Amino acid sequence: MPAPLLRVQGLVTSFRTDMGILRAVDGVSFEVPEGTTVGLVGESGCGKSMTALSVMRLVPPPGVIEVGRLEFRGRDLLKLSEREMRAIRGNDISMVFQEPMTSLNPVYTVGAQIVEAIRLHQSRSRGEARDRAVEMLGLVGIHSPEANVDAYPHQLSGGMRQRVMIAMALACEPKLLLADEPTTALDVTIQAQILELLGRLQQQLRMSVVLITHDLGVVAEHAEHVLVMYAGRVVESAPVRELFARPRHPYTRGLLESVPRARRGLAPGTKLTTIEGMVPDLRHLPPGCRFADRCPMAVPECSAREPDLAPVESDPPTHLSRCIRAKEVPPPGTPAGPRAEAPGA
Amino acid sequence: MPNPTLIQTDRLGKYFPVKAGLFAREAKFVRAVDGVSLRVRRGETLGLVGESGCGKSTFGRLILRLLDPTFGRVVYDGRDLVPLNQARMRPLRRKMQIIFQDPYSSLNPRMTVRDIVGEAIRIHKLARTRPDEERMIVDLLGKVGLRADALDRYPHEFSGGQRQRIGIARALAVQPEFIVCDEPISALDVSIQAQIVNLLMDLQRELGLSYLFISHDLKIIEHVSHRVAVMYLGKIVEQARAADLYETPLHPYTRALLSAVPVPDPARRRLRVLLEGDVPSPIDPPSGCSFHPRCPRAEKGKCDVETPVLKELEEGSGHKVACWHPHVDEAGVPSLRKIE
């Protein structure tokens, strides 16, 4: 197996607040092989966006990266100077954010903003960079790119602005794209267009993508490997088909079950399976498993010590779970709740 | 026997004037809602689905008379609401409530839960004494799954899901019959969404509520609705019982919408109808069928010229569509939606 493009090891990103230290990302490790899409799933506050910002070294203050290694093509990004990092950002590693409305500068034309991104990293003349901007706008499916290169952000729709963001992120042909909820603010028909476009460009440019989303459908269709995050931790990591067919963490299973499925064959008005309770406060974490108090499969042992993220079985070794009862998690769609199978329950 | 109609609209419309420029002579209008006729029966959920800007939220406000319509009628339990003034609307407002999308901005941050939920009880004089009022509020909080110790706390002390529960308790305080749920779960996390959806469905069964459930999320709409209407650029393009709409969608737009929803099953590849372009501006909607510029089945000289009317293909089916080329086979039978 070739060395991964990105290897994140033991990443800890924390925020000092008036009420104590809050670890938004707490010991996260994963790899992104070349040319693949890794999905990062979880609910708000689980640390998925902060993981991506850490890779970019753009953690907003008062946040700091405490420890960890961010190995990108063999170099530890955390050891680079700010200047060296700037040469990588937008060039080798790019990021697309959720809000196309706020991520573009309203007083410059979209063309000028793409040209700036290109000229920051490549020695191209203004004219060459502009040609490249037009080419990129065409590539992301903006009609009449020669005219729209001179448009201001407010003259474009939300879907068009997100395309501009992608054009800008891809203008220097990065090896790695961090896409943070790239379609969450968009309508489903536009989301389908954008995701299809990203997939096509990924193949054309042989790029790796970290796709951050809360939408399990998006992950199922676009990622090859999935990480599920909960309260700053990776709780499950698996190839996409594995994860959906055999979730090995009760939280993952809960997420899969709480999405309404097609009603065919299901009695109308069937109740959705819910995950009771709420995400724990990151400042006051329980000593054991962070999901224990919401978990339908919890046993006393769960609250004693937090389990490690470990392979569930030797085959496949790529399916990791942070649960002592990983092997007992029932497959999704089975009628009986997991508690029914718990011994002694 | 279908339940009796509780509320219905008749060619309801709302045009917002826009200034085209400083010296513009001709006033232009955003046709946010353009002649919508829908009915909600007692105890029923009507799902209203569409993309942003299609007019679904404006419709939700029109039906409650939170906005005055430009034309058309809203008939509640046999009474036309449009000519009523504020004073005569007040007793009816009790019957009709709304739950908003954003649980952060829809609750007054300076009011305690007691005041938020109790305000309407006081306005409508539903409690005789203070202890009476408190009992009612605690009872409402219990109904939505909150404990009595929430009474004297402020909105910021609660999570998004809990705030939405407070919003629901506030809506229930006046014992309404009809509730407009305007994207009630869109701002919430997946695991919390399921909790709120279950709560709304429990309350419906328990209290016999009727819902107009507005959402862009087709999966949730399918789950909660008895009937579904699909809106595009201010108009209803298709309307049917939920199962019919999802199994045999007739309008090409409905098919495209359904096919665009990502499926949480990596073993399945979708047949996807990718629509070209964006939703056009409702200021100058396209001629003929307003969907024709994006429609894979559009016929030149027909769809771009003549406006199709929303009507049943088969009488009595309740499945209505506004389209010149709906998805039917040679015999005119609605064709199944292919998923794989």
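**Close-up views of a predicted model**

**View 1. The largest nonpolar core of the predicted model.** This core comprises 193 residues, and those with the most contacts inside it are Ile114(A), Ala133(A), Ala167(A) and Val210(A). Its largest share, eight residues, is supplied by helix 6 of chain A, which spans residues 158–170. Leaving aside residues up to four places away in sequence, Val210(A) touches Val32(A), Val38(A), Leu40(A), Ala52(A), Leu178(A) and Ala179(A).

**View 2. Strand 3 of chain A, residues 37–41, and the burial of its residues.** The strand is mostly covered, with five of its five residues buried. Thr37(A), Gly39(A) and Val41(A) point one way from strand 3 of chain A, whereas Val38(A) and Leu40(A) point the other way, and all are buried.

**View 3. Strand 3 of chain A with its parallel partners, strand 8 and strand 9 of chain A.** Strand 8 of chain A (residues 208–213) runs parallel to strand 3 of chain A and is joined to it by five bridges, with Thr37(A) standing opposite Val209(A). Strand 9 of chain A (residues 225–230) also pairs with strand 3 of chain A in the parallel sense, over four bridges, and here His225(A) is the bridge partner of Val38(A).

**View 4. The contact between chain A and chain B.** Chain A contributes 36 residues to the contact and chain B contributes 31 residues. On the side of chain A that touches chain B, the elements giving two or more residues are helix 7 (188–205), helix 8 (216–222), helix 9 (240–245) and helix 10 (250–258) of chain A, and the largest share, seven residues, comes from helix 7 of chain A. By class, this side of chain A has 15 nonpolar, 13 polar and eight charged residues.

Methods. Residues are numbered from 1 along each chain as its sequence is written. Chains are lettered from A and ligands numbered from 1 in the order in which they are written. This is a predicted model: local features need pLDDT of at least 70, side-chain atom pairs count only at pLDDT 80 or more; totals for chains, interfaces and linings use all residues. A nonpolar core is a set of buried Ala, Val, Leu, Ile, Met, Phe, Trp, Tyr and Cys residues joined through C-beta atoms within 7 Å. A residue is buried if 20 or more other C-beta atoms lie within 10 Å of its own, exposed if 12 or fewer, and partly exposed in between; C-beta atoms are placed from the backbone. Two residues are in contact if their C-beta atoms, placed from the backbone, lie within 7 Å. Ala, Val, Leu, Ile, Met, Phe, Trp, Tyr, Cys and Pro count as nonpolar, Asp, Glu, Lys and Arg as charged, and the others, Gly among them, as polar. Two strands pair if DSSP finds at least two bridges between them.
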